[in-house]
Amino acid sequence: MEPSLELTGRYEAPLPKMKIAIVGANGRLGAALVREYQRDYEVTSYDRRQLDLRQLDRVRSALAGAKFELLINCAALTNVDYCESHREEAFAVNAGAPRLLAEIANEKSAKLVHFSTDYVFDGKKTDPYVEEDKAVPLSVYGESKFEGERCVLEVSSQHLVVRLSWVFGPDKPSFIDQIVQRARENDVVTAVADKFSAPTYTIDVASWLRLAVDKDANGILHLANNGGCSWQEWAQYAIDVCRSLGLPLKAERVGAVSLAEMKNFVARRPVHTVLSSAKFTALAGVQPRHWREAVADYISADVSKK
């Protein structure tokens with residue numbers, strides 16, 4: 001039997017909650033991090049209306065009086081094809097703003113976590129990409145995100161750049177939601193079969209990032225659910241899970257189309273960008289679960305209720 005406080009005469013005050021500021025709180029990842037972290041931390045969040053990364057003066061003034069030990073940037077210009085014809089805006093949001101956020105974090109003796117993308121790679125490697133692999137972006141979007149990484153770490157090597165791929169989650173529709181909706185409405189559904197990466201669940205990212213920060217990770221870190229797949233394989237598995245749960249769908253199979261057939265794509269896309277999370281596993285002692293398990297969880301918890 002443990003002694004009571006009355007008997008020991010000791011009182012240990014609860015540790016103060018870490019103060020976290022999250023930029024991009026209305027996005028798929030940002031909203032998930034706000035929801036998951038506000039249970040245990042003191043979270044201040046900023047959506048695009050409150051903090052637009054295209055207006056650097058307003059960014060600085062908005063964060064001037066904020067108190068935080070950890071600044072997380074989930075905001076970015078992510079429309080790959082839009083970036084191709086709006087290079088200046090893409091670099092302002094995806095590179096210039098992250099540099100400013102890194103500088104602000106430095107001024108407050110805080111750490112910045114900045115999210116990047118698998119699109120910094122050219123996709124010519126067939127094995128999973130590790131953090132040390134050379135970045136060779138094929139698009140303006142990829143170039144601007146790679147420059148953002150460089151800017152952040154140039155300000156301080158103690159900041160953390162996290163690369164993600166194919167992000168999905170409950171806070172904003174993603175590829176899975178689009179596929180399921182199409183399967184509800186159409187007998188035939190197609191998806192690209194010759195482009196590969198690793199789906200990444202926002203709820204899992206929240207847990208992984210907490211571990212990485214606890215371990216004081218810095219530099220570049222890849223986070224993605226285990227395994228890789230094509231868009232077609234991802235879509236087919238999502239439909240299979242929906243059908244196993246009894247959700248009414250018209251389509252049963254996902255047909256294959258090639259990346260070359262996607263005539264609406266303006267920017268070049270890398271073909272194979274599966275990210276290796278081996279560095280994270282070595283750091284935190286945790287191996288990310290397989291993307292199939294994460295997808296099944298998401299569909300069961302969220303998609304099935306829509």
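W166 counts as buried, with a relative accessibility of 10%; buried means under 20% relative accessible area, exposed over 50% and partly exposed in between, with a 1.4 Å probe and protein chains only. The model is predicted, so that local features need pLDDT of at least 70 and side-chain atom pairs count only at pLDDT 80 or more, while totals for chains, interfaces and linings use all residues. Residues are numbered from 1 along each chain as its sequence is written, and side-chain values use heavy atoms, with hydrogens and water left out.

W166 lies in the loop between β5 (160-164) and β6. Helices (H or I, at least four residues) and strands (E, at least two) are DSSP runs, numbered from the N terminus. The backbone of W166 has a positive phi of about 45°, although W166 is not a glycine. Most residues other than glycine have a negative phi. Another residue with a positive value is S109, whose phi is near 55°. S109 is found in the loop between α5 (87-107) and β4 (111-117), and at 71% relative accessibility S109 counts as exposed.

The ring of W166 also belongs to a cluster. Ring pairs link W166, F168, F175, Y201, W231, W234, F265 and Y298. Rings of Phe, Tyr and Trp (its six-membered ring) pair if their centres lie within 6.5 Å; planes under 30 degrees apart count as stacked, over 60 as edge-to-face and the rest as tilted. The structure holds 14 aromatic pairs. One of them is the tilted pair of W208 and F280, with 6.4 Å centre to centre and 55° between the planes. W208 lies in helix α8 (residues 202-214) and F280 in helix α10 (residues 278-284), so this pair ties together parts that are 72 residues apart in sequence. Both W208 and F280 are buried. W231 and F265 form an edge-to-face pair, with 6.4 Å centre to centre and 70° between the planes. Because W231 lies in helix α9 (residues 231-244) and F265 in the loop between β12 (254-257) and α10, the pair ties together parts that are 34 residues apart in sequence.

The two partners have their own surroundings. W231 is buried, with a relative accessible area of 13%, whereas F265 counts as partly exposed at 22% relative accessibility. The charged end of K195 sits over the ring of W231, 5.5 Å from its centre, and R269 lies over the face of F265, at 3.8 Å from the ring centre. A charge sits over a ring if NZ of Lys or CZ of Arg is within 6 Å of the ring centre and within 35 degrees of the ring normal. Not counting residues up to four places away in sequence, W231 touches W166, F175, A191, V192, K195, L259 and F265; contact means heavy atoms within 4.5 Å.

A nonpolar core is a set of buried Ala, Val, Leu, Ile, Met, Phe, Trp, Tyr and Cys residues joined through side-chain atoms within 4.5 Å. The largest such core has 32 residues, and those with the most contacts inside it are F168, F175, I176, W231, W234, V295 and I299. At least two residues of this core come from each of α7, β7, α9, β12 and α11, and α9 gives the most, with eight residues. Apart from it lies another core, of 31 residues, among them A21, L53, A66 and L71.

Helix α7 (residues 175-185) has F175, I176, D177, I179, V180 and A183 buried. The cover over the buried residues of α7 includes β6 (167-168), β7 (189-192), α9 and α11 (291-301). In helix α9, A235 is buried, with a relative accessible area of 1%. Leaving aside neighbours within four places in sequence, A235 is in contact with F175, I179, A191 and V254.

S230 lies in strand β11 (residues 229-230) and counts as buried at 5% relative accessibility. The side chain of S230 reaches the backbone nitrogen of E233 at 3.0 Å. Beyond neighbours within four places in sequence, S230 is in contact with W166, V192, A193, K195 and F196, which returns the reader to W166.

Definitions and conventions:
A polar contact is a pair of N or O atoms within 3.5 Å; within protein, one must be able to donate a hydrogen and the other to accept it, and residues adjacent in sequence count only if both atoms are side-chain atoms.
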